[in-house]
Amino acid sequence: MNRFIMAAVAGVLAATTAYAEVTEQDVANDQTITTQVVTNGMGRHLQRYSPLETLNKENVDNLVPAWAFSLGGEKQRGQETQPLIYDGIMYITGSYSRLFAIDVKTGKEIWQYDARLPEGILPCCDVVNRGAAIYGNNIYFGTLDARIVALDLKTGDVVWRDKIADYKAGYSYTAAPLIVNGLVVTGNSGGEFGIVGEVQARNAETGEMVWTRPVIEGHMGTLNGEESTMTGTLNATWPGDLWKTGGGATWLGGSYDAETDTLVFGAGNPAPWNSWLRSAGNPEGTEGDNLYAASRIGIDPATGEIKWHFQTTPREGWDYDGVNEVVAYTDRNGEKRYATADRNGYFYVLDRETGDFVSAAPFVKDISWASGIDENGRPIFVEENRPGNPAEAADGAKGEVIFASPSFLGGKNWMPMAFSQRTGNFYVPSNEWGMDIWNEPITYKKGAAYLGAGFTIKPNYEDHIGSLKAIDPETGDWVWEYKNEAPLWSGVMTTAGGLVFFGTPEGEFIALDDETGEKLWSFQTGSGIVGQPITWEQDGEQYVSVISGWGGAVPLWGGEVAKKVNYLNQGGMLWTFKLPKQLAMK
């Protein structure tokens with residue numbers, strides 16, 4: 001009898017384990033399954049919108065802390081992760097390539113994985129990690145030494161790990177992986193070191209490479225271990241051998257549009273920053289566009305072939321990376337569109353079938369490098385606001401210094417915007433700042449910084465740098481603006497309850513009215529927020545989580561701006577809030 005009972009229990013446990021396995025359907029429906037969050041962006045289209053409305057404008061002031069979890073130790077620095085939730089467990093990544101599993105009801109740690117990072121890693125912009133992905137019985141995340149790791153969801157044991165690229169050459173990895181049809185898809189980081197941007201797809205179960213797609217012209221892709229096709233045409237838009245160290249890091253990861261079956265990845269700045277070295281002797285023509293750097297690229301997820309591209313900043317010379325997230329949405333007229341808020345200060349709308357340009361409008365106040373965007377989506381350059389050519393300087397050591405706005409940290413950097421299906425608007429975290437910038441001679445050396453430029457960031461206004469804007473994508477108009485003294489560096493989330501959540505470097509976690517921008521609720525977390533909020537429901541109650549922990553690129557690269565916020569505390573605390581059932585009705 002005892003054996004029979006034990007066998008029955010074992011069968012139930014096996015069935016439970018099988019049921020708990022995350023499927024492609026679970027991943028595809030992540031936005032609508034409100035008891036889980038298994039993807040970056042709360043859905044692979046990256047809308048960061050929740051259909052939950054239990055928590056709303058009327059009762060958000062009743063949102064209270066449920067528990068907090070400290071990442072502990074001396075490994076503080078910037079905490080940019082987005083939490084994931086599945087089967088009663090929350091998963092977060094932390095600085096220095098750590099991953100934690102936490103009991104979602106109590107906040108108690110279940111297990112921790114700490115990558116053994118080698119000496120000599122070269123992360124450009126802090127030791128951050130932006131999240132993970134769940135599929136099957138595994139959770140996947142990248143490490144600062146440019147590796148991808150698969151861990152068992154329940155135990156944290158390593159299932160497989162693989163090398164993305166050589167960290168000694170300047171490669172690293174900080175983005176959340178993307179799961180599509182049993183593939184784990186990753187980009188790479190390291191654009192300031194003369195690396196080559198690439199997208200890679202592996203079998204999620206085994207880690208075996210399926211395809212690779214470099215995003216700089218002249219490099220060969222692979223499919224099932226064999227060379228497939230060249231990216232672009234050799235030397236079509238790159239002079240000489242500069243394509244070999246051309247940059248274009250795919251460091252923010254990508255999105256997936258299921259309706260068109262398209263991966264969309266962004267490519268970072270071309271290397272080096274000095275655009276005169278990359279202009280092929282014809283700075284006015286397209287020979288110096290340096291494809292596919294500073295571009296958005298549509299990729300076939302089955303083969304890695306490029307379906308289309310759109311270059312936001314051709315002949316890029318200000319470090320205006322093209323990596324910012326591309327969000328698939330349907331507009332108020334039923335048109336299927338992509339939207340992206342580029343580092344260069346323009347908000348773009350593209351066609352989802354072709355990637356063709358639809359419209360562009362400024363989302364920051366002072367854009368100096370271009371006077372606008374033409375009917376083809378190409379910028380109308382203000383050439384006198386391009387950093388000067390060092391070869392024309394009297395000593396040949398430093399080109400003419402110019403002032404450019406936005407700064408190289410962008411009108412918007414990595415911090416993700418959100419789309420509301422309720423209002424049809426985007427909510428874009430932006431910064432109003434500029435820079436003095438100049439070009440310098442530079443020669444590539446493996447593992448060394450490959451900039452060819454110098455800079456000093458300056459705030460454009462005395463009363464604010466950060467600016468969260470509600471943007472109508474059909475007109476480009478700003479519906480409202482919420483100003484913040486320090487730069488904004490956190491992600492944004494919207495809900496069907498009419499709320500917009502985000503955090504500030506001053507430590508405030510804030511909920512705004514999605515229609516007016518009015519502040520409805522806030523909580524002081526004790527450290528600067530550069531993480532990404534999520535919401536979910538559990539036992540009939542709605543929860544919200546965000547990680548707090550100041551760091552990222554601003555304190556490292558911010559110049560005068562960094563001095564302005566050097567009083568901000570570092571930390572490492574995951575905060576979870578809930579709306580108690582008895583307070584849900586107000």
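**Entry 1: ground rules**

I count two strands as paired if DSSP finds at least two bridges between them. Strands here are DSSP runs of E with at least two residues, numbered from the N terminus. I am working with a predicted model, where local features need pLDDT of at least 70, side-chain atom pairs count only at pLDDT 80 or more, and totals for chains, interfaces and linings use all residues. Residues are numbered from 1 along each chain as its sequence is written, and side-chain values use heavy atoms, with hydrogens and water left out.

**Entry 2**

I began with β29 and β32 (residues 466–471), which run antiparallel and are joined by six bridges. Within that pairing, Asn-431 has Gly-466 of β32 as its bridge partner.

**Entry 3: the three-stranded sheet**

Next I looked up an open antiparallel sheet of three strands, ordered β27-β30-β31. Here β27 (402–404) and β31 (453–459) are the edges, each pairing on one side only. From one strand to the next the twist averages 30° (axes are lines fitted to C-alpha atoms, and angles run from 0 to 180 degrees between N-to-C directions).

**Entry 4: confidence**

I checked pLDDT, the predictor's confidence in each residue on a scale from 0 to 100. The protein averages 93, and 95% of its residues reach 70 or more. Residues 1–19 stay under 50, and the model has two contacts (heavy atoms within 4.5 Å) for them beyond four places in sequence. Where pLDDT is low, predicted coordinates should not be read in detail.

**Entry 5: the cores**

For the cores I used buried Ala, Val, Leu, Ile, Met, Phe, Trp, Tyr and Cys residues joined through side-chain atoms within 4.5 Å. Buried means under 20% relative accessible area, exposed over 50%, and partly exposed in between (1.4 Å probe, protein chains only). Which members of the largest core touch the most others? They are Tyr-91, Ile-139, Phe-347 and Phe-501, out of 136 residues. Strand β23 (residues 346–351) supplies the largest share of this core, five residues. I listed the contacts of Phe-347 beyond four places in sequence, and they include Phe-363, Met-417, Phe-426, Val-428 and Ile-471. A separate second core has 17 residues, among them Leu-178, Leu-183, Trp-211 and Ile-297.

**Entry 6: salt bridges**

Searching the whole structure gave 35 salt bridges (a side-chain nitrogen of Lys or Arg within 4 Å of a carboxyl oxygen of Asp or Glu). I picked three of them to follow up.

- Arg-343 and Asp-319 have their closest N and O atoms 2.7 Å apart. Arg-343 sits in the loop between β22 (336–341) and β23, and Asp-319 in the loop between β20 (306–311) and β21 (327–330), so the pair ties together parts 24 residues apart in sequence. Both Arg-343 and Asp-319 are buried.
- Lys-365 and Glu-432 meet at 3.4 Å, N to O. Lys-365 is partly exposed at 31% relative accessibility, whereas Glu-432 is buried at 1%.
- Arg-422 and Glu-515 meet at 3.5 Å, N to O. They tie together parts 93 residues apart in sequence, because Arg-422 lies in the loop between β28 (418–419) and β29, and Glu-515 in the loop between β36 (508–513) and β37 (519–524). This pair also belongs to a salt-bridge network with Lys-57, Asp-513 and Asp-514.

I finished with the backbone. The Leu-291 to Tyr-292 peptide bond is cis, with omega near 0°, and Tyr-292 is in the loop between β18 (262–266) and β19 (295–299). Ser-405 to Pro-406 is also cis, with omega near 5°; Pro-406 lies in the loop between β27 and β28.

Is Ala-146 buried or exposed? Ala-146 is buried, with a relative accessible area of 0%, and its phi is positive, near 60°. Arg-315 has a positive phi near 50° and is buried at 3%.

Conventions:
Helix = DSSP H or I, 4+ residues; strand = E, 2+ residues; numbered from the N terminus.
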